[in-house]
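This report goes through one protein model region by region. The sequence and the structure come first, and the description follows.

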Amino acid sequence: MSIHDLAGKPAPKSILVNVPELISAYFTLSPDCQEATERISFGTSGHRGSSLKRSFNQAHILAVTQAVCEYRQEAGIDGILFMGMDTHPLSWPAQLTALQVLAANKVQVRIAAGPGGEGLGYTPTPVISHAILTHNSKDNDKTCDGIVITPSHNPPEDGGFKYNPPHGGPADTDVTQVIEARANQILAENLAAVKTIPLQEALKTENVQLYDYITPYVNDLEQVIDMEAITRSNIRIGADAMGGAGMAYWQAIKERYGLNMEIFHDSLDSTFSFMHCDKDGKIRMDCSSPYAMAGLVAMKEDFDIAFGNDTDFDRHGIVTKSVGLLNPNHYLSVAISYLAQNRPQWRPDLAIGKTLVSSSIIDRAAAQLGREVIEVPVGFKWFVEGLRQGTLFFGGEESAGASFLRKDGTVWSTDKDGIILNLLAAEITAKTGRDPGEHYQDLTEQFGAPIYARIDAPASPEQKAVLKNLKPEDVPATSLAGEPITAVLTRAPGNNAPIGGLKIVAENGWCALRPSGTEDIYKIYAESFIDQAHLSRIQAEAQAMVTALL
């Protein structure tokens, strides 16, 4: 995908989303169940779509919420449902729709209060996971779960709906397939099965109650991060809330721990007009993109460490004086190396979870630390049990999503938590006197300096299906960029699960091909431990493979 002329530049008014049109379409347009793109489809992070494309409308939320209610009943889940939403324009009406269904089904729902304790507020994805796990760890007679209304870092015109079962993390396919199938059946039957009550009645019922998510989460942070060390160091911190669901959280953290922190973009702007455009010229709240993060990167000299989050705060973006925006893969390796050596209460046999498209420098660093690496397909759901059971001390994705254990070795969250990954960068800087970018340079001196890149290209649903179902024998090549191929993988080494694509490995480089689970694109991931020319050759050969396959 070529770099757009607007990439890295402030978003012009001409591309801002028309919020009234978007919300009007949510209520007035109805999906055609015969069209695959207008049906409910759970990808790696729930159902996503846009009201303008008839893929995220009131009918979808009525159907999928009713399906969740029925799933809960069949699974015996009868405790509180913790509900959060982000600041995308479609999240507000979607939450209101869902509340009407949940209240009619007599589900006990907890939603965030707005500023001053009135109205509805916003709640990050990791906070919902933390709340579920905290309540389920107690001796409760009832089991809790959650819903988050978010399309993550997607453009402002998109909406999203995620379900988190009692384990607190993203629902696996054994759950989402049931919910998806039932929701589409409800859609096809013109919503006849949906139970609903008027909004004002729903908001007044005892089943729907306002809940303080901020205080317990913020107070608990000192159990997972050395907050005292950050406070004591008085390092200058820049926190970009990026207009997301955690807007109120950075201020609460600053006040609770007395941090020397400057906070940006912590008020609501559902057009996200303050953003810099991403590589394709669109507004995308992707805190791992150097183009989207150009504004904060320009201020890197003003802070000892700075960071941002995507809209639901499950991703992190680390900005350092030494290198600017730290590549997500680079930061994962730094975080893993630091945690393995600075959490003395953790057992030495705890493993590291990584997705198979994450950098191989993680494997090299882990080997030096004497830690096992569990390599899994893309999707944070694969780390849930390891984090919950305390057999993984860290689970991380190449797309800037990760979580890790509390200091005592127990679970913190089973969903990605961009807040603790950002605060870990502050801890590292405070305790070592060097930022994570400098620590990454140390790792490259030991293990080599990999060059990593991802290419996105358009793909139809039919083409995505081809790439998702590749087999090792579909690759006739015996070498990759001049090196013998050592492995062709369609299943992940760590758990033998299908990767929904294909990975080709050589001694000093690899590439992976896979379709996106949420957008009409395919992705080529590639890495070289030699040089840029070697990486370019790997990418060219991977693109030629895709061309031949499609």
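Predicted model: local features only at pLDDT ≥ 70, side-chain atom pairs only at ≥ 80, totals over all residues.

H47 stands opposite F161 of strand 6.

The loop between strand 2 (46-50) and helix 2 (58-75) contains R54. With a relative accessibility of 32%, R54 counts as partly exposed, because that class lies between under 20% for buried and over 50% for exposed. Apart from its neighbours within four places in sequence, R54 is in contact with L29, S30, P31, E38 and H60. R54 and I305 are 251 residues apart in sequence, and their C-alpha atoms are 42 Å apart in space.

Strand 8 (residues 237-240) is covered on both faces. I237 and A239 are buried on one side, and G238 and D240 are buried on the other. In a regular strand the side chains alternate between the two faces of the sheet.

Strand 8 pairs in the parallel sense with strand 9 (residues 261-264) over four bridges, and G238 has E262 of strand 9 as its bridge partner. Strand 8 also runs parallel to strand 10 (residues 305-309), to which four bridges join it; here D240 stands opposite G308.

Helix 9 (residues 247-257) forms a right-handed β-α-β unit together with strand 8 and strand 9. Buried residues in helix 9 are M247, Y249, W250, I253 and Y257. An α-helix has 3.6 residues a turn, so residues three or four places apart point the same way. After helix 9 comes G258, with a positive phi near 65°.

D302 lies in the loop between helix 10 (294-297) and strand 10. Its relative accessibility is 43%, so D302 counts as partly exposed. D302 and K321 are 19 residues apart along the chain, and their C-alpha atoms are separated by 8.5 Å.

**Two helices against helix 15**

Which residues of helix 15 (residues 436-447) make the contact with helix 11 (residues 328-342)? The geometry of the packing comes before the residues. Helix 11 and helix 15 pack at an angle of about 85° with their axes 9 Å apart, which makes helix 11 roughly perpendicular to helix 15. The contact is made by P436, H439, Y440 and L443 of helix 15, and by H330, Y331, S333, V334 and S337 of helix 11. By class, this contact has five nonpolar, four polar and no charged residues.

Helix 12 (residues 361-369) also packs with helix 15, at an angle of about 80° and with the axes 10 Å apart. That angle makes helix 12 roughly perpendicular to helix 15. I361, R364, A365 and Q368 of helix 12 meet Y440, L443, T444, Q446 and F447 of helix 15. The residues of this contact divide into five nonpolar, three polar and one charged.

| Helix pair | Angle | Axis separation |
|---|---|---|
| Helix 11 and helix 15 | about 85° | 9 Å |
| Helix 12 and helix 15 | about 80° | 10 Å |

Strand 21 (residues 498-506) and strand 22 (residues 509-515) pair antiparallel over five bridges. The bridge partner of K503 is A512 in strand 22.

Definitions and conventions: Residues numbered from 1 in each chain as written. Heavy atoms only, no water. Buried < 20%, exposed > 50% of the residue type's maximum accessible area, 1.4 Å probe, protein only. Pairing = 2+ DSSP bridges. Right-handed = clockwise from strand over helix to strand, strands pointing away. Axes fitted to C-alpha atoms, helices over the stretch in contact; angles between N-to-C directions. Parallel < 35°, antiparallel > 145°, perpendicular 65-115°, else oblique. Contact = heavy atoms within 4.5 Å. Nonpolar A, V, L, I, M, F, W, Y, C, P; charged D, E, K, R; others polar.
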